Amino acid sequence: MEFRRKHLLELEGMTREELSLILDTAEAFREVLERPIPKVPTLRAVTVANVFFEPSTRTRLSFELAEKRLSADLVSFSAATSSVLKGETLKDTARNIQAMKVDMVVIRHSAAGAPHFLSRCLEASVINAGDGCHEHPTQGLLDMMTLRHKFGRLEGLKVAIVGDIEHSRVARSNLHGLRTMGAEVLLCGPSTLMPVEAERWGVPVTHDLDEAISWADALNVLRIQRERQAAGLFPSLREYHARFGVTRRRLERAKKEITILHPGPINRGVEIESDLADSEFSVILDQVTNGVAVRMAVLYLLAGAQGALEGS
């Protein structure tokens, strides 16, 4: 199958065949990462701009490493050290990127829809690295890759997304991607952190974490995003942990093996018990490794480089 999309803006609306192609390609790049020299010349002479208007450690490093492993040229932009502080608009930033003849743009922005806007302004391919509370498609893909590694399938898998659903772009990408691949999804969190549109998504919702644990094969535990909350949406972190914190005691009470994912960064002792985040249940570091492979696959496919990997 040929990948025909120019941009990766969201997982909503993508087909099972497209998602499978990205995941299968990421598996090939995961093998490249295990080589003594984990680098291929596939994107030589391709220039990628990493344009981050929001703080990021994991996603930014992951994209940069993926670009270097593919031998691309990369330039980086951070709002904290850019002309944005002098009042430059996103449109002017886009015009300057266009004038520099960049081939691909990776953008993170606090405004939902910013990557869509850039895709209409630029000839370059645009990759959404997280936009507001909308989507974070490469995180959704790496979560799916990690689950497929663990269980050997996504079809029929039961995944509970737990925590701050309202402010989570990860939750939305997981929801769309997993359902397209045939997995079952359940949402669990406080009613104040559950978006109004959740009713339209057609998935079960619970406010009882023990119920979610007893139902699920895997928990994707979300970070509490207090920086996106205009006002306190729960009484205290202690109370949140008591009701929605994932702990070893809860898992033992459920008497079942369960897999735990977390997109990071972790609020240890809040949404998840610190010891549990490093336990035999956790695949959090596998997610980080798979993130590089997934981003290599996305860059490779959007660059139209299919077929070049075999000769690398």
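Q: In this predicted model, is the crossing in which α1 passes α11 left-handed or right-handed?
A: Let's start with the two helices themselves: α1 covers residues 16-33 and α11 covers residues 284-302. Their axes come within 8 Å. As α1 passes α11, the crossing is right-handed.

Q: Are α1 and α11 roughly parallel or roughly perpendicular to each other?
A: The axes of α1 and α11 cross at roughly 115°. Angles of 65 to 115 degrees count as roughly perpendicular. So α1 and α11 are, to each other, roughly perpendicular.

Q: How many nonpolar residues are there in the contact of α1 with α11?
A: On the α1 side you'll find, among them, L21, I22 and F29, and they meet a set in α11 that includes V292, M296 and L301. Three residues of this contact are polar and two are charged. The nonpolar ones number 14.

Q: Which strands sit at the edges of the open sheet?
A: The sheet has four strands in the order β2-β1-β3-β4, with parallel pairing. An edge strand pairs on one side only, and that goes for residues 73-78 and 125-131. Those edge strands are β2 and β4.

Q: Which residue in β4 stands opposite V106?
A: Strand β3 spans residues 104-109 and runs parallel to β4, with five bridges joining the two. Across from V106, the β4 residue is I127.

Q: Which strands does α11 touch as it packs on the sheet?
A: Besides meeting α1, helix α11 packs on the sheet, and its direction makes about 150° with that of β4.

Definitions and conventions: Residues are numbered from 1 along each chain as its sequence is written. This is a predicted model: local features need pLDDT of at least 70, side-chain atom pairs count only at pLDDT 80 or more; totals for chains, interfaces and linings use all residues. Side-chain values use heavy atoms; hydrogens and water are left out. Axes are lines fitted to C-alpha atoms, for helices over the stretch in contact, and angles run from 0 to 180 degrees between N-to-C directions. Angles under 35 degrees count as roughly parallel, over 145 as roughly antiparallel, 65 to 115 as roughly perpendicular and the rest as oblique. A crossing is left-handed if the near helix is turned anticlockwise from the far one by less than a right angle, and right-handed if clockwise. Contact means heavy atoms within 4.5 Å. Ala, Val, Leu, Ile, Met, Phe, Trp, Tyr, Cys and Pro count as nonpolar, Asp, Glu, Lys and Arg as charged, and the others, Gly among them, as polar. Two strands pair if DSSP finds at least two bridges between them.
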